[in-house]
Amino acid sequence: MTDRSRPLFAVLYDAGAAPAGEIGAGLADLGDIVFLVPRASAHVDQLLPVMELLGEIRTLTGHADADAELIREIAPDGVLTFCEDMIRPAAELAAAAGLPGLSPHTARLYTDKGMQRRVLREAGVDRTRTHVLDSLSDWDEALRTVGLPSVVKPVTGSRSKDAYAMRSEADARAVHARLDAIAAAGAWAPFILEEFLEGRPSEPFGDYVSVESACTPSGITHLVLTGKSPVMPPFRGTGRIWPSHLPRDEEQEIFDLVTRALEAVGADSGYAHTELKLTPEGPRLIELNGRLSGHVNMMAREACGLDLVRVAGLMALGEQPYLPTFDFGGKVHFQYNNLAPLAPSTLLSVQGAEAVREIPGVTAYRNFVRPGDPLPGGTTTLTLDTISGVCEGHEAVMRTIDEARAALTFEFRFQDGVRSVNGLKLPQH
């Protein structure tokens, strides 16, 4: 039961940037929670015992009229989500309830990569060549328009699911075959073919960065520029570094570009997570997302004592909370995620966790996958763990990450047998 002397939050929930426990902790002193969940979700099933301790649980039907009636019945004071797949429904339900939130139009621009690129191009913010594949019959025209190298990914998707890079005609034929298999299985949804943005040499860091922003009717506040560790194939992100390794003038150039991009899509509510490639010609937009990035709330709590879930709750109530500049205390903070293999497998064991926790600079090591859990494989980003830490400088961060990776050994059962894989070798699997 909820106490209606306190605000009530309707949280559209599934796997996303903040797990149920973090949401409960962040909103605890602000109000009560009703979790609105999809009909079928393995993640929700797994977290159900936690969610039951934190608030009520109601199931969405997936039908706009019925869910609008449900939100009016619940009569919350705020609607929010941290899940990519829930961005559009959250916007629609906030509008149905007459509450602050993204407009349904902006929510669609965040979650439809084809529309997003078109709007950014028309606003003069982006020049990336793109072509939407409504069906595979558009393939030849798309290749002529965009050329090689290029990237194929779903128009609506997240965590690099079904994202492929094509550098050669052979790559293009292989990707076409994968998409043909998806269509033959009856699982087709539109894809987008985009110009591949070549990054500049950036080792030992990744050749891209991201920006976390808070958007309100009074303006856009950029909270932090996140440096990255190198991706695992094909485009799976592995780690975050605060502050970034970039000089201040380049940071400002990136912030200015992100501001113009967010203004172009009408961002005036909630968080935005923007990814940018560092090219020899300057920063280029990869994509805009209407949510926090995964693990960022945990990192903000550990690095500077700021709970971004709590801030999201205040914004959902229509408030404009004071957002101080992130203070890292002169240190460099990091998170690193080891990722599941591309090949389907089962995790059997993890060795070296205690050794990682003893490494100077490492502050925490957390496992997200348990021995015996099946790993589906494929291009979707699936994190096995998180290594958190703080060091005196950026070079020390990269050394500490490598030392921690080297201390870990993961044992998997693949289709062809059991293999032990050192953390440094995971990108090869």
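Reply: Happy to! A residue counts as buried when its relative accessible area is under 20%. Keep in mind that this is a predicted model.

Me: Then why is F328 called buried?

Reply: Its relative accessibility is 14%, and the cut-off is under 20%, so F328 counts as buried. W242 is buried too, with a relative accessible area of 0%.

Me: What makes W242 and F328 a tilted pair?

Reply: Their ring centres are 5.8 Å apart, and rings pair if the centres lie within 6.5 Å. The planes stand at 40°; under 30 degrees would be stacked and over 60 edge-to-face, so this pair is tilted.

Me: Why is that pair said to tie together parts of the chain?

Reply: W242 lies in strand β11 and F328 in the loop between α11 and β14, so the pair ties together parts that are 86 residues apart in sequence. Ring pairs also link W242, F326 and F328 into a cluster.

Me: How do you know that the charged end of R419 sits over the ring of F414?

Reply: That end is 4.2 Å from the ring centre, and the distance limit is within 6 Å. The angle to the ring normal must also be within 35 degrees. F414 itself is buried, at 6% relative accessible area.

Me: Why is β20 called an edge strand?

Reply: The open sheet has the order β17-β15-β19-β20, and β20 pairs on one side only. Six bridges join β19 to β20, and pairing needs at least two, so these strands count as paired.

How values were computed. Residues are numbered from 1 along each chain as its sequence is written. This is a predicted model: local features need pLDDT of at least 70, side-chain atom pairs count only at pLDDT 80 or more; totals for chains, interfaces and linings use all residues. Side-chain values use heavy atoms; hydrogens and water are left out. Helices (H or I, at least four residues) and strands (E, at least two) are DSSP runs, numbered from the N terminus. Rings of Phe, Tyr and Trp (its six-membered ring) pair if their centres lie within 6.5 Å; planes under 30 degrees apart count as stacked, over 60 as edge-to-face and the rest as tilted. Buried means under 20% relative accessible area, exposed over 50%, partly exposed in between (1.4 Å probe, protein chains only).
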